[in-house]
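Load the model and keep the selection panel open.

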Amino acid sequence: MSSITIPARAEQHPHVRALSILRDLPAVADLIEMCFSSTMDNEGKRYVQDMRRAGKDNTFVQWASRAAETTSLPLSGYVWDENGKIIGNTSLVPFRHNKQRTYLIANVAVHPEHRRKGIARALTERALQQAREKKVNNIWLHVRDDNPGALDLYTKLGFVERARRTTWQATADSHAPSLNTDIAITNRYPRDWQTQSNWLSRLYPDSLAWHRNWSFNSLRPGLWNWLYLLFFDMNIRQWAAFRKDKLEATLSWIPSGRGESLFVAAGERSDPDAVTALLLQARRDLAHSQQNITLEFPSSEFDGAILAAGFKSLRTLIWMQATL
Ligand SMILES: CC(C)(COP(=O)(O)OP(=O)(O)OC[C@H]1O[C@@H](n2cnc3c(N)ncnc32)[C@H](O)[C@@H]1OP(=O)(O)O)[C@@H](O)C(=O)NCCC(=O)NCCS
């Protein structure tokens with residue numbers, strides 16, 4: 001486990017101040033939009049719009065209390081303020097999982113005309129200092145694998161790579177082809193749960209689960225779970241892929257407002273064709289309810305199988321962690 005020493009100067013820098021959510025959101029939204037324009041997807045655009053809207057909203061206090069649970073808008077963080085102009089930002093997004101508190105460092109952005117002067121480093125160090133003051137010592141961040149400058153920044157600050165995960169996307173399409181194979185696709189049967197659960201733990205490890213606001217237990221078979229899903233109006237779909245009688249892989253669809261909606265469970269030696277056949281089945285079956293479907297998955301696992309099902313890679317994120 002890496003451990004970080006935060007330099008004393010992090011607390012003292014004259015241009016670093018705490019984000020004021022009442023005042024700063026429009027300027028921070030502008031900065032984030034400018035700094036991330038080349039990589040921003042629809043979710044990112046919505047996020048910036050939300051931030052702007054919140055900045056103008058007089059009933060902001062209500063929003064802020066709701067947002068803490070439902071969005072990852074920057075409720076706390078630090079800005080670099082030079083003569084009233086915000087030229088740098090770092091957000092701290094709190095998560096709570098299994099009674100453990102975690103901070104995600106996000107939206108690290110510095111105006112292009114002010115880069116390589118140590119601004120991002122100073123802001124991130126200040127954010128780490130804040131985490132320590134709040135006694136939160138589990139800190140994570142996500143950085144794209146094609147952003148070597150930011151990767152260097154975080155490595156120098158003591159962050160260590162823990163996972164590398166790719167987000168894939170495809171259109172749901174009732175005309176998506178079927179795979180010409182002897183793999184049979186069925187519903188997921190209750191007897192498959194134990195294997196599915198073991199495979200899910202391998203591909204979606206517990207150490208990364210702080211990021212999800214639900215647990216894989218919602219995929220468990222049985223009456224109680226069925227009633228629970230009914231109560232929360234969660235319309236989960238599940239499929240299984242068999243060759244003869246051997247389970248090769250399963251696929252679950254969990255509708256959510258967030259990007260990740262499909263969950264593949266497969267063993268290290270499962271047949272890639274099973275993964276392709278399942279994903280194609282989901283593209284066809286979900287055509288009525290979903291325009292785009294996404295899958296967030298460990299990089300390099302079943303890449304070829306996912307591509308063969310017509311999915312495109314949107315981004316690969318490196319998950320980095322530091323312990324204070
Ligand atoms: C990444 C970013 C925040 C860095 O801001 P910055 O204020 O220029 O960074 P700093 O000056 O504090 O750099 C600290 C260290 O990070 C590394 N670093 C930062 N930018 C770098 C770059 N473009 N190339 C290589 N290394 C870089 C260097 O090791 C640097 O130390 P050095 O200058 O002594 O060599 C800024 O380039 C940015 O806003 N980029 C667009 C948004 C983005 O990608 N954010 C990160 C999302 S995870």
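For the first stop, Ala, Val, Leu, Ile, Met, Phe, Trp, Tyr, Cys and Pro count as nonpolar, Asp, Glu, Lys and Arg as charged, and the others, Gly among them, as polar. This is a predicted model: local features need pLDDT of at least 70, side-chain atom pairs count only at pLDDT 80 or more, and totals for chains, interfaces and linings use all residues. Residue numbers start from 1 along each chain as its sequence is written.

**Stop 1: the ligand shell**

Select the ligand and what surrounds it. A residue is near a molecule if its C-beta atom, placed from the backbone, lies within 6 Å of it. The shell has ten nonpolar, three polar and six charged residues. Of its 19 residues, R115, A120, R121, G149 and L153 come nearest. Helix 1, strand 4, helix 4 and helix 5 (148-156) each give two or more residues. Helix 5 has the largest share, with five. Helices here are DSSP runs of H or I with at least four residues, strands are runs of E with at least two, and both are numbered from the N terminus.

**Stop 2: the whole chain**

Zoom out. The protein chain holds nine helices and twelve strands. Of its 324 residues, 32% are buried. Buried means that 20 or more other C-beta atoms lie within 10 Å of the residue's own; exposed means 12 or fewer, partly exposed is in between, and C-beta atoms are placed from the backbone.

**Stop 3: two nonpolar cores**

A nonpolar core is a set of buried Ala, Val, Leu, Ile, Met, Phe, Trp, Tyr and Cys residues joined through C-beta atoms within 7 Å. Select V28, I105, L123 and L141: in the largest core, of 42 residues, they touch the most other members. Elements that supply at least two residues to this core include helix 1 (25-36), strand 3 (85-97) and strand 12 (312-323). Helix 4 gives the largest share, seven residues. Now colour W168, A240, F297 and A309, which belong to a second, separate core of 33 residues.

Which residues does L123 touch, not counting those up to four places away in sequence? They are V16, Y78, W80, G88, N89, T90 and V108. Contact means that two C-beta atoms, placed from the backbone, lie within 7 Å.

**Stop 4: strand 6**

Select residues 160-171, which form strand 6. Nine bridges join strand 6 to strand 12, and the two run antiparallel. V160 stands opposite Q321 in strand 12. Seven bridges join strand 6 to strand 11 (residues 292-298), again antiparallel. There, W168 stands opposite L295. Strands pair if DSSP finds at least two bridges between them.

**Stop 5: R144**

R144 sits in strand 5 (residues 138-144). Is R144 buried or partly exposed? R144 is partly exposed because 14 other C-beta atoms lie within 10 Å. Beyond four places in sequence, R144 contacts T39, R315, T316 and L317.

**Stop 6: two positive phi angles**

Most residues other than glycine have a negative phi. N83 has a positive phi, near 55°. Find N83 in the loop between strand 2 and strand 3. N83 counts as exposed because it has 6 C-beta neighbours inside 10 Å. Phi of R116 is positive too, near 60°. R116 lies in the loop between strand 4 and helix 4. With 8 C-beta neighbours inside 10 Å, R116 counts as exposed.
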